[in-house]
Amino acid sequence: MKMARGALSLSTLALAAYLLSLILSPAETFAFILPALLTFFWLPAGYLSLTYLGFILVYRTPPGGVAVASLSFSLIYVESVYLMKRKAPFWHYLVLTASVILAVPLYYASAILSDFLPSLVNTVIAALFVVTLYMLLYTVVRR
C-alpha cells in the first residue's frame, strides 16, 4: 500500500510538471521539480517549491486554467507526501484530492465574479475560497 501511495504522489508531480512544461521554460520547470523531489526527504522543500511556483505563476501570468491545474496537482503532491509520512488512511488522500480539485470550479466562479466586482474584492474572494478549502481539508482529516 505504501508503494501505491508513493506512486500516487509521483503521478501528481508528473502531471504538474507536464502542465508547467507547457507554460514555462525548461529551466523554470526544473527549478520547481528539483525541490519538489526533495520533499520525500525534507518536507519544507515541498512548501518552498509551492512558494516558488506561486511566485513564478504570478510573474509570468500564464493561462488561468493551466496555472490553477498545475498548482492544484503540486499541492496534492506535497500534501500526499505529508500524509504518506504520517501513514494516514487512504480516504484522507481522497479527501485531499477532492478538496483541491474543487479549486478549479471555484477559480472559474471567481473569474465570472470578476466581471462584476472590483479587483480587490476578487482577491479577497479567491483568498476566502482557498482558506475555506484548507479548513475543510483540515477539519475532515483531523477527525
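Two residues are taken to be in contact when heavy atoms of theirs lie within 4.5 Å. The model described here is a predicted one.

The protein has 143 residues, and 35% of them count as buried. Its accessible surface comes to about 8600 Å², and carbon and sulfur atoms account for 77% of that area. Among the contacts between residues at least 6 apart in sequence, 68% join residues at least 24 apart.

Thr 29 belongs to helix H2, which covers residues 26–37. The relative accessible area of Thr 29 is 7%. Thr 29 counts as buried because this value is under 20%. When neighbours within four places in sequence are left aside, the contacts of Thr 29 are Ala 17, Leu 20, Ser 21 and Leu 24.

Ser 49 is found in helix H3, which covers residues 43–60. Its relative accessible area is 1%, so Ser 49 also falls under the 20% limit and is buried. With neighbours within four places in sequence again left aside, Ser 49 is in contact with Phe 32, Pro 35 and Ala 36.

The largest nonpolar core consists of 14 residues. Within this core, the residues with the most contacts are Leu 20, Phe 32, Leu 53, Leu 57 and Tyr 77. Two or more residues of the core are supplied by each of helix H1 (2–23), H2, H3 and helix H4 (64–86). The greatest contribution is that of H3, which gives five residues.

Phe 32 links several of the residues already named. Beyond its neighbours within four places in sequence, Phe 32 is in contact with Leu 13, Leu 20, Ser 49, Tyr 52, Leu 53 and Ser 74. Two of these partners, Leu 20 and Leu 53, are themselves listed among the core residues with the most contacts. Leu 20 is also a contact of Thr 29, and Ser 49 is the buried residue of H3 described above.

Another core lies apart from the largest one and has nine residues. Its members include Met 84, Ala 88, Tyr 93 and Leu 137.

How values were computed. Residues numbered from 1 in each chain as written. Predicted model: local features only at pLDDT ≥ 70, side-chain atom pairs only at ≥ 80, totals over all residues. Heavy atoms only, no water. Buried < 20%, exposed > 50% of the residue type's maximum accessible area, 1.4 Å probe, protein only. Areas by Shrake-Rupley, 256 points an atom, 1.4 Å probe, with all protein chains shown as cover. Helix = DSSP H or I, 4+ residues; strand = E, 2+ residues; numbered from the N terminus. Core = buried A, V, L, I, M, F, W, Y, C linked by side-chain atoms within 4.5 Å.
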